[in-house]
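Have the structure open as you read.

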Amino acid sequence: MAITSWESLANEKRQATLNAIPTKWRIQEPIPPPSELRDVTGTYIQKFLTPREIEITELDAYGIAEKTTTGEWTAVEVTEAFCHRAALAHQFVNCLHEVFFDLAIEGAKRLDAYFAEHKKPLGPLHGVPISLKDQFHVKGVETTMGYVGWIGTFQGLKDDPRSRVFESELVRELRALGAVLYCKTSVPATLMCGETVNNIITYTNNPRNRLLGCGGSSGGEGALIALKGSPGGFGTDIGGSVRIPAVFNGLYGIRPSSGRIPYEGAANSMDGQNTILSVIGPLASTARSLQFLFKAVLEQQPWLHDPLVLEIPWRSELEQETRTLVEQSAKDPSKLTFAIMKHDGIVMPQPPIARALDIVERTLKQLGHKVIEWSPPSHKTGMELADAAYSLDGGADAQYHFGLSGEEPAPQLIVATGLPQKTALEIAKINVAKREYQKLYMDYWNSTSEVTGTGRPVDAVICPAAPHAAVIPTQYSHVGYTSVINVLDYTSVVIPVTHADKSVDVNVSREFLGELDENSYKNYDADVYDGAPAGVQMFGRRLQEEKMLVLAEYVGSVVKK
């Protein structure tokens, strides 16, 4: 079969990324297929690294900053170690779109020179390598966002003067904080997918179980951080795109409310659709790193540079108030109250996720915390509102960008093309329905103050982030657990809990909630899922990032113990 022009262009781009990896870091021996070696994290990737590289890359972002901001470790040494590990990660699971290691090392040298001259770090992220989802524009680096038609252009526009010189606001802020930028990670074309698949990179696998997907749309971020090829990075989330890769890869990740992290100057799908705003959030291996990265960005006062960012600096008083609650709960567990939602009434979680929820619930109850059942307004209504928002343009945006090259979209993509576009009146009706749903949910949350015993409503709600632990390719069918949170614009943090275990995580006969639930039940394969990370999401009310990050650290620590 003849290769089309877009296939040729995609192949060239894919090869160019591999070619950008230094020869010394290219793997010479055959990598075992997933059927022989599922997990390429830990000891497998370590065998390609020196003991010093392992020492550096096994630390989290917070721990690295403690070394680099004090001058104990140089930015160059840390950057080279992470560049090497990222190069290995890409060869294992196809997680990178852009490799710019040379630019990163040049930047690290400037940081070391600054430290030598001034005897102090440039900022709190001095010398910390940070990876970025391929939506962020970096000077000297291309942005394709998974579209073949974007290769060699600026967001599909040929001969645009912004090409390779424009930088996103978050990129500017990270540089000012002293971060080292060195790679951009893979995404599904359109960004609307629970898997990471596009015609350039093909498919990004889950590094902990390569039979499965890594999630989407910030899937490359999740895979890279799971392989410790990055100590922390930034993704985006309009329907679960930070939380899904976080939970599928055993990481922490936060979906903040809109208006806290600057989106200005980042590429996006359906740009201008404001019914549900996409938001930026970090992913990391530890809760403390998540808070560290989030707090650092706010130090740059992004509300002065992005008109959609709210002037809300990091609220130390809210952080301390929550930490005090956590400390007091050690003596009086009734100080903190949680809610558990076992399922959303649409799709029951598969056995590994049900067990993860049970572990969290039992742990909190054993500690003496009150845990109530969460029975909110219908999540089916919330999911329908999300679906309506995602299809306002009838798929016109996706159709246009696929049409730039004539490429064929992957079957997993959620966005349908060729649907009728909503009118202004129809959009207004959806926005009113969303507002009414938010009000109903708010009132329900307030009502829980009558049953918590604290005089306050519940502090946080714990539920699945997805029905399954990672996903068998093409079988991600329900994003309702995450997308409803986007409709509500609540703060949500993913907490890793356990791993799927084929000896205990088995299907049992039960009644089905509907067709989606039945399909999810039938698609579960205990052997295939064995070893996949299984976690939960914990959400709080709108703009409660400081509180939720502290609670995530607490819940994550007690579950781990």
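## Domains

Into which domains is the protein divided? There's domain 1 (4-26 + 37-302) and domain 2 (321-558), with bounds that come from an automatic or database domain assignment. Their centres, taken over C-alpha atoms, are separated by 25 Å. Domain 1 puts 55 residues into the contact and domain 2 puts in 69 residues, where contact means heavy atoms within 4.5 Å.

A word on ground rules: this is a predicted model, where local features need pLDDT of at least 70 and side-chain atom pairs count only at pLDDT 80 or more, while totals for chains, interfaces and linings use all residues. Residues are numbered from 1 along each chain as its sequence is written, and side-chain values use heavy atoms, with hydrogens and water left out.

## Annotated sites

UniProt, in an unreviewed entry, puts a "binding site" at Leu-191, Ser-217, Ile-238, Gly-239, Gly-240 and Ser-241; its positions are given in the numbering used here, feature names are shortened, and annotations may be inferred rather than shown by experiment. These residues span 51 residues in sequence, but no two of their C-alpha atoms are more than 10.5 Å apart, so they gather at one spot. Leu-191, Ile-238, Gly-239, Gly-240 and Ser-241 are included in the lining of the largest cavity.

The "active site" listed by UniProt (unreviewed entry again) is Lys-133, Ser-217 and Ser-241. That set is spread over 109 residues of sequence yet clusters in space, with a largest C-alpha distance of 10.7 Å. From this set, Ser-241 is in the lining of the largest cavity. As for loops, Ser-217 sits between strand E7 (209-213) and helix H8 (219-226), and Gly-239 between strand E8 (232-237) and helix H9 (243-248). Helices (H or I, at least four residues) and strands (E, at least two) are DSSP runs, numbered from the N terminus.

## Cavities

The structure has seven cavities of 30 Å³ or more. On a 1 Å grid over the protein atoms alone, a cavity is a set of points where a 1.4 Å probe fits but cannot get out, and a pocket is an open set with protein on both sides within 12 Å along at least five of seven lines; lining residues have an atom within 4 Å of a point. Grid points are joined across faces, edges and corners, and a volume is the space filled by probe spheres set on the points.

The largest cavity comes to about 90 Å³. It has 13 lining residues, with Cys-193, Gly-239, Ser-241, Ile-414 and Val-479 nearest its centre. Where does the largest cavity lie relative to the domains? Domain 1 and domain 2 both give residues to its lining, so it lies between them.

The largest pocket holds about 700 Å³ of space. It is lined by 35 residues, and the closest to its centre are Tyr-263, Ala-266, Asn-268, Asp-271 and Gly-272. Strand E10 (279-284) and helix H14 (396-403) are the elements that give two or more residues to that lining.

About 500 Å³ lies in the second largest pocket. Its lining has 20 residues, with Gly-250, Tyr-252, Ser-285, Pro-496 and Lys-560 closest to the centre. At least three residues of this lining come from each of domain 1 and domain 2.
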